[in-house]
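Reader: I have a chain to look over before I set anything up. Can you put it on screen and take some questions?
Author: Here it is.

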Amino acid sequence: MAMNAAHGWKAIAKLTAIWDDTYNGLKQMSAFAEAKPSSGCDLFEQIEDENAPEEICVRVKPFVLNVPERANDMTIDLYIVISGRMTFDKNELVNNDRLVTLDFSTKAAYF
């Protein structure tokens, strides 16, 4: 179990870096856009699955994007809420330092 946790942390570190880059890109597209949480550290957590020792399961905690409805709008009146989970191939991460998705699910709403 400890080995899977260590690999899970590596996957989460990679996902956190991706989220942080995405957040910075969002802010470049629109200074008015917001994302909460803004840090990937608060967004991902490993899910232990004893029935899948060759997989790394990660839960994506709910996050909110508050963005303009159109790219050139100056008001942020569109809210998007997303949560989900992702499953990655542990062997690909260990052997090739790559996140290869085996399965995912998302829940999204906007208003």
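Reader: Is Tyr 79 buried, partly exposed or exposed?
Author: Tyr 79 counts as partly exposed, at 34% relative accessibility. Buried means under 20% relative accessible area, exposed over 50%, and partly exposed in between, with a 1.4 Å probe and protein chains only. As for the ground rules, this is a predicted model, where local features need pLDDT of at least 70, side-chain atom pairs count only at pLDDT 80 or more, and totals for chains, interfaces and linings use all residues. Residues are numbered from 1 along each chain as its sequence is written, and side-chain values use heavy atoms, with hydrogens and water left out.

Reader: How many aromatic pairs are there?
Author: The count is two aromatic pairs. Rings of Phe, Tyr and Trp (its six-membered ring) pair if their centres lie within 6.5 Å; planes under 30 degrees apart count as stacked, over 60 as edge-to-face and the rest as tilted. One of them is Trp 19 with Phe 63, with centres 4.9 Å apart and planes at 65 degrees, so that pair is edge-to-face. Trp 19 is in helix α1 and Phe 63 in strand β3, 44 residues apart. Helices (H or I, at least four residues) and strands (E, at least two) are DSSP runs, numbered from the N terminus.

Reader: Buried or exposed, those two?
Author: Trp 19 is buried, with a relative accessible area of 9%. Phe 63 is buried as well, at 8%.

Reader: And what is the geometry of Tyr 79 and Phe 111?
Author: Their ring centres are 5.5 Å apart and the planes are at 10 degrees, so the pair is stacked. Tyr 79 lies in strand β4 and Phe 111 in the segment after β5, so the pair ties together parts that are 32 residues apart in sequence. Phe 111 is exposed, with a relative accessible area of 58%.

Reader: Back to Trp 19. What is it in contact with, leaving aside neighbours within four places in sequence?
Author: Contact means heavy atoms within 4.5 Å. The partners of Trp 19 are Ala 35, Pro 37, Ser 38, Ser 39, Gly 40, Leu 43, Phe 44, Phe 63 and Leu 65. Pro 37 sits in the loop between β1 (34–36) and β2 (44–47), and a cis peptide bond with omega of about 5 degrees joins Lys 36 to Pro 37.

Reader: Which residues have the most contacts inside the largest nonpolar core?
Author: Trp 19, Phe 44, Val 58 and Leu 65, in a core of 18 residues. Such a core is a set of buried Ala, Val, Leu, Ile, Met, Phe, Trp, Tyr and Cys residues joined through side-chain atoms within 4.5 Å. β3 gives the most to this core, with six residues.

Reader: Last one. Where is His 7, and what does it contact outside four places in sequence?
Author: His 7 lies in helix α1 and is buried, with a relative accessible area of 16%. Beyond its neighbours within four places in sequence, His 7 is in contact with Ile 56, Lys 90, Leu 93 and Val 94.
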